[in-house]
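Q: I am new to this structure and would like to go through a few of its features. Could we look at it together?

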Amino acid sequence: MFACFCLLYLFFNERRFYGESTPIGKKSHKTAEILGYLNSQQALADYAILIRSLKQNLSSEASPVVVFGGSYGGTWYRLKYPHIAIGALASSAPILQFDNIVPLTSFYDAISQDFKVLYDLFAGNIIQK
């Protein structure tokens, strides 16, 4: 007989510069210097610090981390910080959609192809008035 006690922590962090929860209150939009922190590179770096801090505070430095989210919150994080996260899951992650990696129209081409397939499948069932 094999028994396993597994402990899992799940944290959800939302990076907000809008609405009521902003980094430094009403001053968050006052200067270009502060707004300079409103970028994807800084968000990923903030998450890296948060994850390392949580692992240290919970005495779980050896525990694996899997990140999830949309776009850069998921797979881009894994690409940028492979030493922190062992895996990533992203709901919508055009991670190769950077200049000089794939054609700029590749994302739109894929979406257009999806709609074409659906149109071809259902065109005869559309009633036009």
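Q: Where does Phe122 lie?
A: In this predicted model, Phe122 belongs to helix α4, which covers residues 106-122.

Q: Is Phe122 buried, partly exposed or exposed?
A: Phe122 is partly exposed, and its relative accessible area is 42%.

Q: Which residues make the nonpolar surface patch with Phe122?
A: The patch is made by Phe107, Tyr108, Ile111, Phe115, Leu118 and Leu121 together with Phe122. Its area is about 750 Å².

Q: Now to the aromatic rings. How many aromatic pairs does a search of the whole structure find?
A: The search gives 2 aromatic pairs. One of them joins Tyr9 and Phe11, with ring centres 6.0 Å apart.

Q: Why does the pair of Tyr9 and Phe11 count as stacked?
A: The planes of the two rings stand at 20 degrees, and planes under 30 degrees apart count as stacked.

Q: And what is the relative accessible area of Tyr9, and of Phe11?
A: The value is 42% for Tyr9, which is partly exposed. Phe11 is partly exposed as well, with 45%.

Q: Another topic: what is the phi of Ser59?
A: Phi of Ser59 is near 50 degrees, a positive value in a residue other than glycine. Most residues other than glycine have a negative phi.

Q: Where is the place of Ser59, and is Ser59 buried or exposed?
A: Ser59 sits in the loop between α2 (40-57) and β1 (66-69). Ser59 is exposed there, with a relative accessible area of 64%.

How values were computed. Residues numbered from 1 in each chain as written. Predicted model: local features only at pLDDT ≥ 70, side-chain atom pairs only at ≥ 80, totals over all residues. Heavy atoms only, no water. Phe/Tyr/Trp six-rings, centres within 6.5 Å; stacked < 30°, edge-to-face > 60°. Buried < 20%, exposed > 50% of the residue type's maximum accessible area, 1.4 Å probe, protein only. Patch = residues over 30% accessible without salt bridge, like charges linked within 9 Å, V, L, I, M, F, W, Y side chains within 5 Å. Areas by Shrake-Rupley, 256 points an atom, 1.4 Å probe, with all protein chains shown as cover. Salt bridge = Lys/Arg side-chain N within 4 Å of Asp/Glu carboxyl O. Helix = DSSP H or I, 4+ residues; strand = E, 2+ residues; numbered from the N terminus.
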